[in-house]
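Colleague: I'd like to learn how to read a model like this one. Could you take me through it step by step?

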Amino acid sequence: MSALSHGPVPVPPASKLFFRSYGSPRTLISMGLSILAGALTLIACVPLFSVLIMLLIRGGSRIIHSGLTMFTSLPPGAMAKMGEGGFSNALWGTLVMVGLAALLSVPFGILGAIFLAEYSPASRLSTAVRFAAKVLTGLPSILAGVFAYAAVVIPDGPFARGAGVLFRLLPHPAAALPGAPASMYFQLYENLGAVSKGGFSAIAGAIALSVLMIPIVILTAEQALRMVPSKMKQAAVGMGCTKAQVTWKVVVPTALPGILTGVMLAIARAAGETAPLIFTALASDYLFPVDGHPPFVHLMRQTASMAVFIFNGSARPQANLIELAWAASLVLVLLVLVFNIGGQLLSRSSRPRGR
Amino acid sequence: MTQIAVDQMKTLGYARPPSLWDRTVDLTTRSLARTFAVGVVLLLAYVVYVIGWSAVPVIREHGFNYLLSNTWDTNGDTPQYGLLPAILGTLYSSALALLIATVFGVAIAIFLSQDFVPRKLEVVLKNIVELLAAIPSVVYGLWGIFVVVPLIRPFCNFLGDHLGSFPLFHGNLAGPGLLPAAIVLAIMVLPTISAVSYDALSSVHPRLKEGALGLGATKWETILKVIVPTASTGIFGAIVLGFGRALGETMALAMLLGNVNQFRWSIFSPGNTLAALIANNFPEADTDQVKVLLFAGMVLLAITLVVNVIGAGIIQFANRGRKGAVQ
């Protein structure tokens with residue numbers, strides 16, 4: 001206002017009006033901060049590459065020197081020579097436990113997400129479910145382990161008691177089905193008996209992991225389901241589909257890549273988890289979760305896993321074990337990165353189609 | 001359409017009301033979906049209940065005395081399991097890590113959200129930062145032992161020798177210690193902070209930015225005086241979420257912090273956190289000690305639940321205010 005009342009304002013030449021001098025403090029500060037932010041971003045990328053390079057050097061050299069025997073042999077004893085031993089049981093343990101956890105958590109998460117996205121997007125229940133899922137994503141992984149320990153591993157925990165009640169109600173397989181030791185019923189009966197005694201097991205490990213996977217699956221699946229254009233649903237309803245038909249034949253297939261992204265991210269997270277497994281599966285140096293003896297899949301044994309193997313190996317004095325821990329880390333990181341990057345590629349490829 | 005045509009279509013199966021099977025599937029899907037949705041709430045409640053319940057034996061016997069006791073002595077006639085050093089260590093290591101991670105995380109979020117780099121490079125950098133979260137924490141622990149500790153030890157010892165009278169730099173880094181643990185922890189929570197702040201920053205309405213630039217503000221004046229204040233609730237929520245994540249992080253700290261039940265201000269001294277205490281002592285714990293560790297789990301749950309609920313609440317609040325402005 002004051003400028004107007006004091007007559008015409010002296011207009012600087014156009015070059016001064018539209019271009020800022022590079023020497024002025026304001027521009028210098030601005031440039032300096034830009035460089036600083038860029039430098040901080042680049043520094044933050046260093047650890048990733050440092051980890052990957054270390055894994056390739058230390059883990060890769062082990063693989064080059066002693067070949068692929070580490071994938072087929074058991075952990076070395078204290079007397080083993082450099083280059084001996086492997087982590088085959090840990091690899092199997094991780095695969096079995098993560099697979100079982102996925103079996104538990106994927107249907108749970110997807111159906112929950114269907115409720116949130118399709119049946120009741122704005123109800124109070126849905127808000128509560130979303131909030132619970134978000135709080136569960138923040139649950140420290142070690143507490144998932146403490147939970148599974150208190151619920152499944154302790155002999156007088158609720159799981160063991162429930163299994164004990166069922167175990168006593170069911171007839172013995174020899175009486176029910178004579179001469180069928182490897183039948184499904186036999187397996188169920190045996191496993192129930194074992195669960196009712198409690199103890200460290202692959203099942204307890206899988207339950208702990210699934211507590212960590214469920215919220216990831218449900219939240220990403222809900223996002224994916226919401227991306228499905230409502231016109232597609234309206235068209236399906238217009239043709240006389242029931243709500244379930246709309247959901248299973250239109251919405252879920254369209255959102256499938258996004259849902260799979262969530263599943264793969266959850267698997268990647270679970271595969272790398274250590275803390276929950278210390279409490280639940282413990283680790284066994286000699287036992288496999290899968291072998292040739294009936295009932296073939298032994299879910300009630302102590303089970304080794306890659307992550308726990310690395311943790312235990314890192315604290316030992318033997319150079320052989322530390323080398324193996326690096327090699328196991330390389331394998332584990334590759335496994336995790338494949339699922340992680342695969343999941344993200346899936347979601348990227350699906351985005352244009354969903355719109 | 002004539003009645004005959006409708007009848008024909010019915011007999012041919014083109015149009016018919018939902019069969020009994022269709023209605024059964026419909027009902028089953030609806031009830032299953034509702035059951036599992038409710039199941040998530042129940043799961044959270046059950047987890048809280050189980051962890052809380054398993055702490056009851058210790059509370060019944062000792063009350064909350066262990067919370068404020070400093071001594072951890074497992075071998076004496078009357079074993080003492082003071083959790084105070086671990087509780088303080090949890091808060092201190094998380095705060096240190098958060099300090100580092102906030103500086104880097106917010107800088108990254110600003111750098112990537114404010115068009116400093118071409119779109120393609122932005123996506124690449126964003127993915128690299130996100131991949132930091134994908135590396136399992138046990139691998140970070142291994143990396144920390146064999147890379148970070150040897151790398152920073154000479155520097156730390158130099159500081160300890162020359163500035164040792166300053167309590168933060170007292171003593172030497174003997175191996176495991178607070179600083180390497182905090183650095184690795186910062187790397188692990190960095191993706192959380194940068195991703196959530198990125199979302200907050202990039203959903204500031206472009207008009208605000210254009211307005212500030214149009215008034216003659218430099219890029220950084222716009223960022224620091226308009227965009228960051230507008231997104232500050234979201235950024236604060238990101239920091240709180242990162243704090244929650246840091247509090248519960250276990251393996252890297254179990255491997256890098258030294259598992260010593262003492263609390264020192266010096267960033268070179270070893271210490272302990274609740275999660276690391278549980279993880280390190282559980283495999284060899286006797287029955288009494290397991291009870292104490294379950295109690296420690298309850299304390300950790302209480303701390304993280306409070307922090308996470310606050311963080312989620314802040315972000316929900318930040319998003320609510322924004323909904324009208326965007327789109």
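Modeller: Gladly! Let's begin with secondary structure: helices (H or I, at least four residues) and strands (E, at least two) are DSSP runs, numbered from the N terminus. Chain B comes to 13 helices and two strands. Its radius of gyration, taken over C-alpha atoms, is 27 Å, well over the 20 Å that the globule rule (2.2 Å times the number of residues to the power 0.38) gives for 327 residues, so chain B is more spread out than a compact globule.

Colleague: What should I keep in mind about the model itself?

Modeller: This is a predicted model, in which local features need pLDDT of at least 70 and side-chain atom pairs count only at pLDDT 80 or more, while totals for chains, interfaces and linings use all residues. Residues are numbered from 1 along each chain as its sequence is written, and chains are lettered from A and ligands numbered from 1 in the order in which they are written.

Colleague: How many residues of chain B are in contact with chain A?

Modeller: Two residues are in contact if their C-beta atoms, placed from the backbone, lie within 7 Å. By that test, 70 residues of chain B meet 70 residues of chain A. Helix α2 (residues 20-54) of chain B gives the largest share of chain B's side, 19 residues. That side divides into 52 nonpolar (Ala, Val, Leu, Ile, Met, Phe, Trp, Tyr, Cys and Pro), six charged (Asp, Glu, Lys and Arg) and 12 polar residues (the others, Gly among them).

Colleague: Where does helix α12 of chain A bend?

Modeller: A bend at a residue is the angle between axes fitted to the seven residues ending there and the seven starting there. In α12(A) there is a bend of about 60° at A:Leu256, and a proline, A:Pro257, follows within four residues. The expected span of a helix is 1.5 Å times one less than its number of residues. For the 29 residues of α12 (residues 243-271) of chain A, a straight helix would span 42 Å, but the end C-alpha atoms are only 36 Å apart.

Colleague: Is A:Ala268 buried or exposed?

Modeller: A residue is buried if 20 or more other C-beta atoms lie within 10 Å of its own, exposed if 12 or fewer, and partly exposed in between. A:Ala268, which lies in α12 of chain A, has 23 such atoms and is buried. Leaving out residues up to four places away in sequence, A:Ala268 touches A:Val336, A:Phe339, A:Asn340, A:Gly343 and B:Ala134.

Colleague: And what percentage of chain B is buried?

Modeller: Buried residues make up 48% of its 327 residues.
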